[in-house]
There are 2 protein chains.
Amino acid sequence: MKTATVKTYSITEVSKMYHLPTTTLRYYEDLGLLYDIPRIKGRRAYTQAHLNRLGAICCFKDTGMTLKELQELFDAQDDDADLDKTCAILDNHYKRVLEQLALLKKNERHIKRKVRFYHDIRSAKENHSKLPDWDDYRDREF
Amino acid sequence: MKTATVKTYSITEVSKMYHLPTTTLRYYEDLGLLYDIPRIKGRRAYTQAHLNRLGAICCFKDTGMTLKELQELFDAQDDDADLDKTCAILDNHYKRVLEQLALLKKNERHIKRKVRFYHDIRSAKENHSKLPDWDDYRDREF
DNA sequence: ATTTTACTTCGAGTATACTTGAAGTAAAAT
DNA sequence: ATTTTACTTCAAGTATACTCGAAGTAAAAT
């Protein structure tokens, strides 16, 4: 009879995989975002399920969800899932992500113009030529 | 002889225009991000130049620049502009914005899949049909 | 005339998300 | 055998960006 051993990861391995300090991983566990992490000789042994959840944490956190909202989402998902609440939270967050995306695209274009503008000022100064005018950059697409 | 009067804006008007509380506008002034704001009978009177700067503050702040970094950028831009430093800060920030944009797009797709997945679970429960499997959503484009 | 509204300054307090420090353990390296 | 490394827990401290409270002023509304 074979006993399937589940692959686990140490806190340092997980830290490297997700670019999060070990202290942050412990902090998430304190908050309850990660739980039931088994200990092997006192050390945390993360399973694939924990990595999946951590991936979700990073995704939602990076899109501006607070850790408290994340906890609410997980609470809705986890024990005997409240699907209406889960869907509501997800729908609402997705809307916010689309707004962020629109804003970020707009800001990206603005910053690109600023970058060009200052590079052109520098060139003009070097060449002793006419300095550019911001009005020529404000609504221009590069 | 005509005296051209420059249009100014009260702190409440600016607050509404930029969706920032008045306390935050005062805070930015305390930090030095906004300065030389004239007072008319003790009240702040923002000029177009201040609005432009405030637009820049919002744009850079919303793309993840800290207020301290913003101060450095403005210091480089303002008094007898250090063009090399300005360009360096802008170039560096623009790179970060492109990274953010790539990450946000990736996260947006992931969240879209999650939204679909949970809506499909809900439908399946209502119809007493087979529950969907996340593996069918993981790498699917919607 | 006096109350209300809309500001003013300055200092202190708060929320979020970590981050550090102290004291301990246990296995691996020297 | 003992030092080093890599964790452990728990409590306290920090950074950033606000946010609030108190006390005051000055013009507009009643």
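1. Contact here means heavy atoms within 4.5 Å. On that basis, chain B brings 33 residues to its contact with chain A, and chain A brings 33 residues too. This is a predicted model, in which local features need pLDDT of at least 70, side-chain atom pairs count only at pLDDT 80 or more, and totals for chains, interfaces and linings use all residues. Residues are numbered from 1 along each chain as its sequence is written, chains are lettered from A and ligands numbered from 1 in the order written, and side-chain values use heavy atoms, with hydrogens and water left out.

2. The interface area. About 3300 Å² is buried between chain B and chain A. Buried area is the accessible area (1.4 Å probe) that two parts lose on being put together, summed over both. Carbon and sulfur atoms give 74% of it.

3. Polar links across the interface. Two salt bridges are counted between chain B and chain A. A salt bridge is a side-chain nitrogen of Lys or Arg within 4 Å of a carboxyl oxygen of Asp or Glu. Eight residue pairs are in polar contact between these chains, both residues at pLDDT 80 or more. A polar contact is a pair of N or O atoms within 3.5 Å; within protein, one must be able to donate a hydrogen and the other to accept it, and residues adjacent in sequence count only if both atoms are side-chain atoms.

4. The chain B side. Helix 3 (48–62) and helix 5 (83–127) of chain B are the elements that give two or more residues to the side touching chain A. Helices (H or I, at least four residues) and strands (E, at least two) are DSSP runs, numbered from the N terminus. Helix 5 of chain B gives the most, with 27 residues. By class, this side of chain B has 16 nonpolar, eight polar and nine charged residues. Ala, Val, Leu, Ile, Met, Phe, Trp, Tyr, Cys and Pro count as nonpolar, Asp, Glu, Lys and Arg as charged, and the others, Gly among them, as polar.

5. Salt bridges overall. The whole structure has twelve salt bridges over all chains. Asp84(A) lies in helix 5 (residues 83–127) of chain A and Arg122(B) in helix 5 of chain B, so this pair joins two chains. Their closest N and O atoms are 2.6 Å apart. Arg122(B) is partly exposed, at 22% relative accessible area. Buried means under 20%, exposed over 50%, partly exposed in between (1.4 Å probe, protein chains only).

6. Salt bridges within a chain. Lys112(A) and Glu108(A) pair at 3.8 Å, N to O. They sit four residues apart in helix 5 of chain A, about one helical turn. Glu108(A) is buried, at 9%. In chain B, Arg96(B) bridges to Glu69(B) at 3.4 Å. Arg96(B) is in helix 5 and Glu69(B) in helix 4 (residues 67–77), so the pair ties together parts 27 residues apart in sequence.

7. The DNA surface. There are 16 residues around DNA strand C, and among those that come nearest are Tyr28(A), Thr12(B) and Arg44(B). A residue is near a strand if one of its heavy atoms lies within 4 Å of it. Polar side-chain atoms lie 2.8 Å from a phosphate oxygen for Tyr28(A), 2.4 Å for Thr12(B) and 2.6 Å for Arg44(B). Helix 2 of chain A gives the most to this surface, with four residues.
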